[in-house]
Structures are given as C-alpha cells and as structure tokens.
Amino acid sequence: MNNLKKYLPWIIRILIAFLFLLSAVAKLYPSALTALGTFEAKQLIPIGFSEDFAPYFSRLLIGAEFAIGLAILFPYYLKKFVIPVAILLLLIFCFQLSYDIITKGPNAGNCGCFGELIPMTPLEALIKNILAVGMLVWLYRLLPSPGNNTNFAALIIIYLVFALGLFALAPIQLSAVQVDLPAVM
C-alpha cells in the first residue's frame, strides 16, 4: 500500500499528460490543415467563434493542450498554476458539453475532443472530463505544498513552442481580399 501511495501521483500525472497530449495530437489527425479546418468548422464556429478568429483560437487552444500535457510532467508551478489551469480548461469544456447535451442531446455527433481519431459523443466526453477533473483534484491533494518554483519561464517556453509550432505546421490561410482600385489612365 505504501508503494501505491508513493507512485500514485506519478500514475495520475502520466494519465493526465496522456489525455491532454492525445487530445492535442488527435485534433491534428489525419493532416494538420484538414483536421484544424474541420475542428474550426464543426466545433468553434457553431458555438459562436467568427471565421476570422477561429483559426487563431484553434491553434492557441491545441497549443495549450500540448503544453498542459507536457507541463504536468514537470515540477514547475504544478500546484500553483498547471493543475488549476488544467482543471479550468476541463471545466470550460464541461460547461460547453453540458450546453450541447441540453440543446442537441447526449449522443448528438462527435464532440471533437479527440478530433476524428476517436469520435466521442458529448455525454462520453463530459464523463471523461469529469473523471479527469476528479483525478486532478486528487493529484492536487496528494502533492506536497509547492516549494520555491522559480522556473515559470519554462512553462511559458513550453506553451510558446507548441503554439507557435502549430502556426508553422498549419499556417492560417487568409482569404483573398478584393480591393476596388480606381482605373488608371
């Protein structure tokens, strides 16, 4: 039993990291541009994001999923920042999924949590997120009080690498703007 208590925080951290990393990678399947376009059209635009803002938000959101997945494995600001941000993101997803369940039904299509790689209904995704929040709360309670974590820059660098990497991997396609120029004689 003592060994379980010793390794349980790491088991939870690895499971949560896997969940966030799989979610981020799955949203880029089968190809980044195609998958991001699908995610934006099927998930972001229907909930109110504009067609101009959705491509930026999708890359920043998936970059955050990558960063949380990796940061949960590092000791930097784990209790002060990483776990609370992960819980907040999952709770936001829970509210959005609850709204989908109320308005469209519990089995209304693919929620997009794992892109097209692993289709999930809104109800399945809600249950997954509630379980993940529970594991994160449990992890928060298991971990010792935070020490002097002085490497917040590492978290910022992790996020920037992934977010900017997504902009490089799948550049945003700007629509051609038509401009009426006066005729030159």
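Predicted model: local features only at pLDDT ≥ 70, side-chain atom pairs only at ≥ 80, totals over all residues.
**Exercise 1. Which residues touch the most other members of the largest nonpolar core?**

Residues are numbered from 1 along each chain as its sequence is written, and side-chain values use heavy atoms, without hydrogens and water.

Solution. 
- Step 1. Apply the criterion: a nonpolar core joins buried Ala, Val, Leu, Ile, Met, Phe, Trp, Tyr and Cys residues through side-chain atoms within 4.5 Å. Buried means under 20% relative accessible area (1.4 Å probe, protein chains only).
- Step 2. The largest core has 37 residues; Ile-16, Phe-20, Ile-72, Ile-83 and Leu-136 touch the most other members.
- Step 3. Assign helices (DSSP runs of H or I, at least four residues). H1 (2–26), H2, H3, H4 (78–104) and H5 (122–142) each supply at least two residues of this core. H4 gives the most, ten residues.

**Exercise 2. Find which face of H2 is buried.**

Solution. 
- Step 1. List the buried residues of H2 (residues 32–44): Ala-32, Ala-35, Leu-36, Phe-39, Glu-40, Gln-43 and Leu-44.
- Step 2. Look down the axis of H2. Its buried residues fall within an arc of 135 degrees, so they line one face of the helix. The arc uses directions from the helix axis to the C-beta atoms.
- Step 3. Find the cover. It includes helix H3 (54–71) and helix H6 (152–169).

**Exercise 3. Describe how H2 and H3 pack.**

Solution. 
- Step 1. The angle is about 110 degrees, and the axes lie 10 Å apart.
- Step 2. Classify. Angles of 65 to 115 degrees count as roughly perpendicular; H2 and H3 are therefore roughly perpendicular to each other.

Conventions
Buried < 20%, exposed > 50% of the residue type's maximum accessible area, 1.4 Å probe, protein only. Contact = heavy atoms within 4.5 Å. Axes fitted to C-alpha atoms, helices over the stretch in contact; angles between N-to-C directions. Parallel < 35°, antiparallel > 145°, perpendicular 65-115°, else oblique.
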